[in-house]
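I opened the notebook to look up a few places in this structure, and I keep the entries in the order in which I took them.

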Amino acid sequence: MAPAEPAGSGERGPADLLAHLATSLALLEIPYLVTGSMATIAYGEPRFTNDIDVVIALPEEKIDAFCDRFPSPEYYCPRHMVLDAVQKKFQFNIIHPASGLKIDMMIATDSAFDRSRLNRGKRIATSDDEFALFASPEDVILKKLIYYQEGRSEKHLRDIAGVLKVQAERIDRHYIAQWADRLGVSEEWGLFPEQ
């Protein structure tokens with residue numbers, strides 16, 4: 001996890017921004033999961049990232065309250081873009097201009113996989129006294145398999161290998177195999193035979 005900026009520094013590091021997001025979503029009772037590179041680092045091998053990717057089940061009736069937690073000019077989070085993303089089940093960004101940091105907020109769909117992974121979130125410490133809900137290591141691997149299938153970027157394979165190495169026997173390979181079949185990434189999952 002990238003180190004937080006010192007309190008009172010006037011800038012936010014990734015951990016600070018994530019903590020503010022996690023606190024806001026908990027207060028508003030909005031289901032979410034941290035995924036992507038930050039989740040890969042939480043479960044796998046350390047590497048630097050400024051990326052914060054979050055899956056969120058944001059209902060339209062909570063958009064105003066959500067946007068109020070990210071006011072201008074400290075943040076760029078325009079309501080019309082959030083509403084459009086929610087209605088189209090797409091994504092929007094929250095930008096913190098002072099630091100240049102960005103959160104990619106992906107709207108959860110009603111797919112069986114999104115329902116499953118939202119129910120399997122893991123509470124992980126992001127600092128001494130801050131926590132956030134992360135996608136399970138199995139669901140992080142499954143999304144990385146999908147991304148690898150789509151773009152063939154080797155970084156996704158490295159990320160998966162790192163999570164498998166660090167988590168080892170704690171990984172539920174049966175769960176991954178079942179979902180890999182349903183998601184059409186069994187061939188990609190086959191690149192990681194059990195040692």
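Is strand 2 (residues 52-56) largely enclosed by the rest of the structure or exposed, and how many of its residues are buried? Before answering I note that this is a predicted model, in which local features need pLDDT of at least 70, side-chain atom pairs count only at pLDDT 80 or more, and totals for chains, interfaces and linings use all residues. Residues are numbered from 1 along each chain as its sequence is written, and side-chain values use heavy atoms, with hydrogens and water left out.

Entry one, strand 2. I found that five of the five residues are buried, so the strand is largely enclosed by the rest of the structure (buried means under 20% relative accessible area, exposed over 50%, partly exposed in between, with a 1.4 Å probe and protein chains only; strands are DSSP runs of E of at least two residues, helices runs of H or I of at least four, numbered from the N terminus). I then looked at each face: Ile52, Val54 and Ile56 are buried on one side, and Asp53 and Val55 on the other.

Entry two, the partners of strand 2. Strands pair if DSSP finds at least two bridges between them. I found strand 1 (residues 32-35) antiparallel to strand 2 and joined to it by four bridges, with Thr35 bridged to Asp53. Strand 4 (residues 101-107) runs parallel to strand 2 through five bridges, and here Ile107 stands opposite Ile56.

I located Glu188 in helix 9 (residues 186-189), and its relative accessibility of 4% is why it counts as buried. Leaving aside neighbours within four places in sequence, Glu188 is in contact (heavy atoms within 4.5 Å) with Leu145, Tyr148, Gln149 and Arg152.
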